[in-house]
Number of protein chains: 2
Amino acid sequence: MSEGAPRKVTRRDVARHAGVSDAVVTYTLNGKAPVAPATAARVRESVRLLGYTPNAAARALKMGSARLIGIIVPDTTNPFWSELCQQVESVASREGYAVLVVNSHDDDKQAIALANSLASRQVDGFLVASIVRPSEVTAFDALGIRWASLNNPHPIPGAMGVGVDLEQGARDATRHLIEHGYRRIAFVGSTKDARYDGWTAELASAGLEPGLVFPADFERRSGYLAGRNLAAASAQVDAVFMSSDQLAIGAMRALHEAGVGIPNDVAVVSFDGTEDAEYAWPALTTLAQPTAELAEQAVLRLLGAGVIPDERPRGELIIRRSCGCE
Amino acid sequence: MSEGAPRKVTRRDVARHAGVSDAVVTYTLNGKAPVAPATAARVRESVRLLGYTPNAAARALKMGSARLIGIIVPDTTNPFWSELCQQVESVASREGYAVLVVNSHDDDKQAIALANSLASRQVDGFLVASIVRPSEVTAFDALGIRWASLNNPHPIPGAMGVGVDLEQGARDATRHLIEHGYRRIAFVGSTKDARYDGWTAELASAGLEPGLVFPADFERRSGYLAGRNLAAASAQVDAVFMSSDQLAIGAMRALHEAGVGIPNDVAVVSFDGTEDAEYAWPALTTLAQPTAELAEQAVLRLLGAGVIPDERPRGELIIRRSCGCE
DNA sequence: ATGAAAGCGCTAACAT
DNA sequence: ATGTTAGCGCTTTCAT
């Protein structure tokens, strides 16, 4: 490590060292005004010699922007969110912004407090991947900063947002199961989620009876619990749609423990397309969310830059063996 | 969303509204000076009414600290790092600091650039989880801010740092395999890592021949590749020590595909203790790193606060079925 | 207990 | 092409 040594070279030090005024240093560094080549070179040399680092706080104060965006996620430990955050970071940094990631742990009080603290840090905008209720919409709007919802289970009235069409994705995944010939297709997930609507609709449009529902949130542990129930009911189930990869991974553990064969006894299809799905056993057929595209659109919308297509990004089914293919 | 509406209530607005001076608002909010109860109440009311949010940039400029710490990790998408980051965030926020997480993608040039940008953002210190070479030590020290290494494969000379005793952990894990009676124990990981030394030493002290080595970094994909080689050589291997859970998950996929039974044909023990290990199939016996403790020590060291025990945190072996137990 | 005022490091008119 | 200067919103002596 290093001591908090007596170091703080300012723009002024650089100016003196280079024998110019403060402004010229700014001009040189930010390229907003013409500077004589020789002068510029001298300034740059001084910057290097002195090891000058601009003070972002001063800049933020002056500019009213910290070139920072915030993102509120339920849990960065969940691979889907961590992959998405990384994509967001990648496009943000390309645009010259840093990203402050904060965890809400799915607690709304917390989310509002976090939004406040982001606001006080002068973020130029923030993304909310946690569930957003109407009361939060009000609270967020009151902050007077741009914000957008990211991949919420349903579009939020009155709020800007981007997210895949979850209902359509669930239909695509469910249809694949139907095409395999499975007729008793169960659902694991939340019934308040658009994926539930998609599963229901697809079953109906194929003239199939509604399947069994095993309620769960999106985590592995919850999937494991649902998986135990599913195993117990496996005689009445051919296949199952899982609302997230994590859920599927948890459920498959329970299925394995109960000796239920996948896909022979129960076929599974899941949702998200995280890297874990590829390494699960058996490898999961999953509806991959286009996280890169999602991140791109979200950041550009937030920054009010770029041309943004008006259609919702659509997921893509990745076929592996859990559904019975190959 | 909300427009970037004409909003910017400053401390001065609050002061006017409450009929006091700017200073009194600060006194009230920061509790650093005595304020008459009635005045304080009035100020607080004005804050509420006006929806005042302090400007962190101004505060940072004045104070020379943004109450921010940075952390440079190789890849937040890797569950071990994301879990660790979340722990760091949790203790930092308890101490009143936010955390800026950045990805180095294991690129040293990048790491130095990131450290620079953290410095310019006035972080109070930063943690480096990426590999740190001597040249980086110099670069980091030159920044004049506190920094510490976090969980590097080896302690870094001249740098403050915290991390588990990887060598000891690898010995513990390897010993467990030996106690099972396995005698031909392979290694998957990097030979430049302390875990390799631990595996080697434990084998030697048990009087066993050195086992097969399958080089790999710490990712799933790399584990998968190593796993294929391992499968091909499985007749000469009883058990294997994997340097990370991710590696083990990737390798197990290859083993399954090759029809190699776990633990019957090859037993496995891994390292890290991430949540994935619990849901892998079969569930992984793993040497769990004490991430909470690591995060606690790292942040407190960085902030130069609290009493920090001088011994290295030690991992704990979590027994599941991949090693042949139960 | 409260107020006045200086200044943190930077940018951007506005002069020259 | 370069210099001067006025703040951005906050904290903190130093007065009162």
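In chain A, strand S8 (residues 239-242) and strand S9 (residues 267-272) pair in the parallel sense over three bridges. Within this pairing, A:Ala239 stands opposite A:Ala267 of S9(A). The model is predicted.

**The six-stranded sheet of chain A**

- S8 and S9 belong to an open sheet of six strands in chain A, ordered S7-S6-S8-S9-S10-S11, in which the pairing is mixed.
- Strand S7 (213-215) and strand S11 (316-318) of chain A have a single partner strand each and stand at the edges, so one side of each is left without a neighbour in the sheet.
- On average, and with direction ignored, neighbouring strands of this sheet are turned by 20° against each other.
- Helix H8 (residues 166-180) of chain A lies across strand S6 (185-189), S8, S9, strand S10 (285-288) and S11 of chain A. The helix H8(A) runs at about 165° to S9(A).
- Helix H10 (residues 220-232) of chain A also packs on the sheet, where it touches S6, S7 and S8 of chain A. The direction of H10(A) makes about 155° with that of S6(A).
- The loop between H8 and S6 of chain A holds A:Gly181. A:Gly181 counts as exposed because 10 other C-beta atoms lie within 10 Å, and the cut-off for this class is 12 or fewer.
- A:Gly181 and A:Ala231 are separated by 50 residues in sequence and by 20 Å in space, C-alpha to C-alpha.

**The five-stranded sheet of chain A**

- A second topic is the open sheet of five strands in chain A, with the order S2-S1-S3-S4-S5 and parallel pairing.
- S2 and strand S5 (161-162) of chain A are the edge strands, each of which pairs on one side only.
- Strand S1 (residues 68-73) of chain A is joined to S2(A) by six bridges, and the two run parallel. The bridge partner of A:Gly70 in S2(A) is A:Leu100.
- H6(A) packs on this sheet and touches S1, S2 and S3 of chain A, its direction making about 170° with that of S1(A).
- Strand S3 (residues 126-128) of chain A runs parallel to S4(A), to which three bridges join it. Here A:Phe126 stands opposite A:Trp147 of S4(A).
- From S4(A), A:Trp147 and A:Ser149 point one way, whereas A:Ala148 and A:Leu150 point the other way; all are buried.

**The nonpolar core**

- The largest nonpolar core has 184 residues, among which A:Val268 and B:Val268 touch the most other members.
- Beyond its neighbours within four places in sequence, B:Val268 is in contact with residues including B:Ala239, B:Val240, B:Met242, B:Ala248 and B:Met252. Other contacts of B:Val268 include B:Ile262, B:Pro263, B:Leu284, B:Ser322 and B:Cys323.
- In soluble globular proteins, nonpolar side chains tend to be buried together.

**Contact between chains A and B**

- Chain A has 51 residues in contact with 50 residues of chain B.
- On the side of chain A that touches chain B, the elements giving two or more residues include H4, helix H5 (79-94), strand S2 (98-103) and helix H6 (108-120) of chain A. Also among them are helix H7 (134-142), strand S4 (147-150), helix H11 (245-257) and helix H12 (275-279) of chain A.
- H5(A) gives the most to this side, with six residues.
- By class, the side of chain A that touches chain B has 26 nonpolar, 16 polar and nine charged residues.

- Two or more residues of the surface near DNA strand C come from each of helix H1 (11-18), helix H2 (22-30) and helix H4 (56-63) of chain A, and from each of helix H2 (22-30) and helix H4 (56-63) of chain B.
- H4(A) gives the most to the surface near DNA strand C, with five residues. This surface divides into 13 nonpolar, six polar and nine charged residues.
- DNA strand D is surrounded by 28 residues, and the closest are A:Ser21, A:Ala23, A:Pro34, B:Arg11 and B:Ala58.
- For DNA strand D, the elements giving two or more residues to the surface are H2 and H4 of chain A and H2 and H4 of chain B.
- H4(B) gives the most to the surface near DNA strand D, with five residues. The classes there are 14 nonpolar, six polar and eight charged.

How values were computed:
Residues numbered from 1 in each chain as written. Chains lettered and ligands numbered in written order. Predicted model: local features only at pLDDT ≥ 70, side-chain atom pairs only at ≥ 80, totals over all residues. Helix = DSSP H or I, 4+ residues; strand = E, 2+ residues; numbered from the N terminus. Nonpolar A, V, L, I, M, F, W, Y, C, P; charged D, E, K, R; others polar. Contact = placed C-beta atoms within 7 Å. Core = buried A, V, L, I, M, F, W, Y, C linked by C-beta atoms within 7 Å. Buried ≥ 20, exposed ≤ 12 C-beta atoms within 10 Å, placed from the backbone. Pairing = 2+ DSSP bridges. Axes fitted to C-alpha atoms, helices over the stretch in contact; angles between N-to-C directions. Near = placed C-beta within 6 Å.
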